[in-house]
Amino acid sequence: MSVARITTLSANSKTSFDDAIKEGIDRANKTLRGVSGAWVKEQKVEIANGAVVAWHVVLEVTFVLED
């Protein structure tokens with residue numbers, strides 16, 4: 001049997017939502033062991049002068065707790 005925990009992360013990118021998600025997961029893997037999944041809870045963009053200048057995501061990251 002395993003027990004997992006979920007933590008909330010916020011990440012952003014100047015390129016795309018996909019890149020923001022990748023940045024968040026890459027960062028989670030540097031700190032957390034046993035990352036097994038993620039849910040994109042929120043997405044938003046930052047706009048300046050009528051153009052999108054940043055993409056933001058909020059992730060719910062699941063990781064399995066060690067014994």
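Guide: A nonpolar core is a set of buried Ala, Val, Leu, Ile, Met, Phe, Trp, Tyr and Cys residues joined through side-chain atoms within 4.5 Å. Buried means under 20% relative accessible area, exposed over 50%, partly exposed in between (1.4 Å probe, protein chains only). This is a predicted model: local features need pLDDT of at least 70, side-chain atom pairs count only at pLDDT 80 or more, and totals for chains, interfaces and linings use all residues. Residues are numbered from 1 along each chain as its sequence is written, and side-chain values use heavy atoms, without hydrogens or water.

Visitor: Which element gives the most to the largest nonpolar core?

Guide: The core has six residues: Ala11, Ala20, Ala28, Val57, Leu59 and Val61. Helix H1 (17-31) and strand E3 (51-64) each give two or more. Helices (H or I, at least four residues) and strands (E, at least two) are DSSP runs, numbered from the N terminus. With three residues, the top contributor is E3.

Visitor: Which strands stand at the edges of the sheet?

Guide: Three strands form an open antiparallel sheet, ordered E1-E3-E2. Strands pair if DSSP finds at least two bridges between them. One side is left without a neighbour in the sheet, because each edge strand has a single partner: these are E1 (4-13) and E2 (35-48).

Visitor: What angle does H1 make with E3?

Guide: H1 packs on the sheet and touches E1, E2 and E3. Touching is contact, heavy atoms within 4.5 Å. Axes are lines fitted to C-alpha atoms, for helices over the stretch in contact, and angles run from 0 to 180 degrees between N-to-C directions. Between H1 and E3 the angle is about 35 degrees.
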